[in-house]
Amino acid sequence: MSSTAVPRSRRRSTWTPSQIVLTLLGTAVSAVFLAPLLWGLFTSLKSETEAVDVPTHWLPKHWTVQAWKALFDTGNITDWFVNSLVVSVCVTSVVLLVSALAGYGFARTEFRGKGALMGLVMSGLMVSPAVLGVPLFTTVQQMGMVDTYWGMILPQCAPAAMVYILYKFFQGIPRELEEAAFIDGAGRWRVFFTIVLPLSRPSLAAVGIFTFIASWNNFLWPYMVTNNPDLMTMPNGIATVMNSYGIQWAQLMAGGLMAGLPLIVVFVFFQRQIVAGVAHTGLAGQ
């Protein structure tokens, strides 16, 4: 028995040609995606003069953390980081609440004009946020919310795509679960919070992660609605890393890496929730 088991285990451990090809392909794709991060890291560890050398070279000739030190000494990067965190967390919280309520309402209630209202919500997917910049800014200005947190947060809380994602998920929840709760005397709100939301954790996690990443990376709207350096977010603050000689590339790379670090952490720790959320919504094949 033992003599026959050894060859079987060896045969199982051998790689097939298709596995070798897929592994090499995956390694090549990973290298392509990691190359900009490595380039940014190595550039941030160069001096400013070396960062603009021609021809360029990957590894620094003289390793230094001068760019990182200057970024913390001359910039308000801590304030930018906190501002981005506050805005992104608030936007994510509001979007989750609004999307869950709207998606459940469309999936489970019948009312006059439901189709037209759903079409109006979905039309938001066809409008570029840049087109809405001027009317949104005018509205925010009339409401006195320029240079405030609320002015940066509220206009980002109209999530047509997120409503659709949760709407599709809620449609897949068996109605029998809710009907059983109704028979036991539970109301609509209790069913929503005690049955529907716990079942929706994968999709809610995916919606929350997508919203957080989009809000963290948003450059245009915070740039339009605030000129106060103390309220700038990371993308806007990093864009100001300049002096009389032009762009400071080493500092810019250091700031970009610091701005991207939270997103990398979010993806590394929540990638399973992202995949599970997309799979549960039925959007994986679309």
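Helix 11 (residues 188–199) and helix 12 (residues 201–217) have axes that come within 5 Å and cross at roughly 70 degrees, and the two helices are therefore roughly perpendicular to each other. In this description, helices (H or I, at least four residues) and strands (E, at least two) are DSSP runs numbered from the N terminus, while axes are lines fitted to C-alpha atoms, for helices over the stretch in contact, with angles running from 0 to 180 degrees between N-to-C directions. Angles under 35 degrees count as roughly parallel, over 145 as roughly antiparallel, 65 to 115 as roughly perpendicular and the rest as oblique. Leu197, Pro198 and Leu199 of helix 11 make the contact with Arg201, Pro202 and Leu204 of helix 12, where contact means heavy atoms within 4.5 Å. By class, these residues divide into 5 nonpolar, no polar and 1 charged; Ala, Val, Leu, Ile, Met, Phe, Trp, Tyr, Cys and Pro count as nonpolar, Asp, Glu, Lys and Arg as charged, and the others, Gly among them, as polar.

The model is predicted, so that local features need pLDDT of at least 70 and side-chain atom pairs count only at pLDDT 80 or more, whereas totals for chains, interfaces and linings use all residues. Residues are numbered from 1 along each chain as its sequence is written, and side-chain values use heavy atoms, with hydrogens and water left out.

Over the whole chain, the secondary structure comes to 15 helices and 2 strands. Of its 286 residues, 34% count as buried, a term that means under 20% relative accessible area, with exposed meaning over 50% and partly exposed in between (1.4 Å probe, protein chains only). Among contacts with a separation of 6 or more, 73% are between residues 24 or more positions apart.

The largest nonpolar core has 33 residues, of which Phe170 and Val196 touch the most other members; such a core is a set of buried Ala, Val, Leu, Ile, Met, Phe, Trp, Tyr and Cys residues joined through side-chain atoms within 4.5 Å. Helices that each supply at least two residues of this core include helix 5 (77–108), helix 6 (114–122), helix 9 (160–172), helix 11 and helix 12. Not counting residues up to four places away in sequence, Phe170 touches Ala100, Gly103, Tyr104, Ala107, Arg108, Val196 and Ser200.

| Residue | Relative accessibility | Class |
|---|---|---|
| Proline 262 | 15% | buried |
| Aspartate 147 | 33% | partly exposed |
| Tryptophan 15 | 54% | exposed |

Proline 262 is placed in helix 15 (residues 249–281) and, leaving aside its neighbours within four places in sequence, is in contact with Phe81 and Trp216. Although proline 262 and phenylalanine 81 are 181 residues apart along the chain, their C-alpha atoms are separated by 9.9 Å. Aspartate 147 lies in the loop between helix 7 (133–142) and helix 8, and its phi is near 60 degrees, a positive value in a residue other than glycine. Tryptophan 15 is in the loop between helix 1 (2–13) and helix 2 (17–44), where, its neighbours within four places in sequence left aside, tryptophan 15 is in contact with Ile20 and Thr23.
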